[in-house]
Amino acid sequence: QITRVAATRMAEALGQPVLVDNRGGAGGNIGVENVAKSPPDGYTLLAAIGSTIVMGPHLYKLNIDTGRDLLPIAPIARTLMFLVARNTLPVASVGELVAYAKANPGKLNYGSPGVGTGPHIATEMMLSAAKIQTTHIPFKGSAETMAALFGNTVDFAFDPGSAVRQARAGKLRLLGVANAARTTLAPEAPTLIEGGLDVDSSTIHGLYAPAGTPAPVAARLHREMDRAMRTPEAVKVVAAVSAESVYASQEEFAAQLRRDRERYGVVIRAAGIRAE
């Protein structure tokens, strides 16, 4: 949805059609490899969620290097991870969750949409920071994870958005957000950092071109994408999917990706995670 709004605005600015071709499969890697191997002429671009770019290389055996073969053009939106717990779990904060886990070793479990997904890796980041151990129960998607929380099958989970609505409806307990700062999307959610855990599991949805794309072409694409994402329509769509609008230069975007790729690699290797 975000990509289509951006494509419409860019088409208007560039004076030519911008077609969106969904290439799913293999954690988004089919689309990534297709763009990375395309001619660097500015006509074939990639819009990808952050986990595909910064986590995928550590989870899959790829035929390309996302850091070498893709040129970061512009950020599109920041995806945040919210920590929620079942209502019947006797905790009301991140600190209380950690204390409860330490007082009840081996008794807590957490759900995720699957092995190697963003919520799974966010939880492993938190467990490592808190020095606690819980049992992972992977499901087939976020809907199943939420259902397990409602049914008290799992105790807590990270979710990139829908959980906030469920918490506000009284179906779950919102414990915090794994971000560097509180978010206007859910200002009532303290950061995990406030709860004593240095955990930021946010990722950036962005636009990329094949490496080798001429600098003037890349600069024009960055300029038009930045303008597109600042329009009221785009800002509204980003917020509607529980993401944050984010703006940065090409250099700042590339630097953030390098940092994210490195820190997620540390977590994934330490936890021994491999995508299923």
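At what angle do helix α7 and helix α12 pack, and how far apart are their axes? This tour of a predicted model begins with the whole protein and then turns to that pair.

**Whole protein.** Display the entire chain as a cartoon. The protein contains twelve helices and nine strands. Its radius of gyration is 19 Å, close to the 19 Å that the globule rule gives for 276 residues, so the protein is as compact as a globular protein of that length. Along the principal axes, the C-alpha trace spans about 60 × 40 × 30 Å.

**Surface and interior.** Of the 276 residues, 50% are buried.

Select residues 118-130, which form helix α7, and residues 250-271, which form helix α12. The two helices pack at an angle of about 80 degrees, and their axes are 10 Å apart. Helix α7 is therefore roughly perpendicular to helix α12.

**The contact residues.** Now show side chains where the helices meet. On α7, select Ile121, Glu124 and Met125. On α12, select Arg263, Tyr264, Val267, Ile268 and Ala271. Colour this selection by residue class: the contact of α7 with α12 has six nonpolar residues, two charged residues and no polar residues.

Definitions and conventions: Residues are numbered from 1 along each chain as its sequence is written. This is a predicted model: local features need pLDDT of at least 70, side-chain atom pairs count only at pLDDT 80 or more; totals for chains, interfaces and linings use all residues. Side-chain values use heavy atoms; hydrogens and water are left out. Axes are lines fitted to C-alpha atoms, for helices over the stretch in contact, and angles run from 0 to 180 degrees between N-to-C directions. Helices (H or I, at least four residues) and strands (E, at least two) are DSSP runs, numbered from the N terminus. Angles under 35 degrees count as roughly parallel, over 145 as roughly antiparallel, 65 to 115 as roughly perpendicular and the rest as oblique. Contact means heavy atoms within 4.5 Å. Ala, Val, Leu, Ile, Met, Phe, Trp, Tyr, Cys and Pro count as nonpolar, Asp, Glu, Lys and Arg as charged, and the others, Gly among them, as polar. The radius of gyration is taken over C-alpha atoms; the globule rule is 2.2 Å times the number of residues to the power 0.38. Buried means under 20% relative accessible area, exposed over 50%, partly exposed in between (1.4 Å probe, protein chains only).
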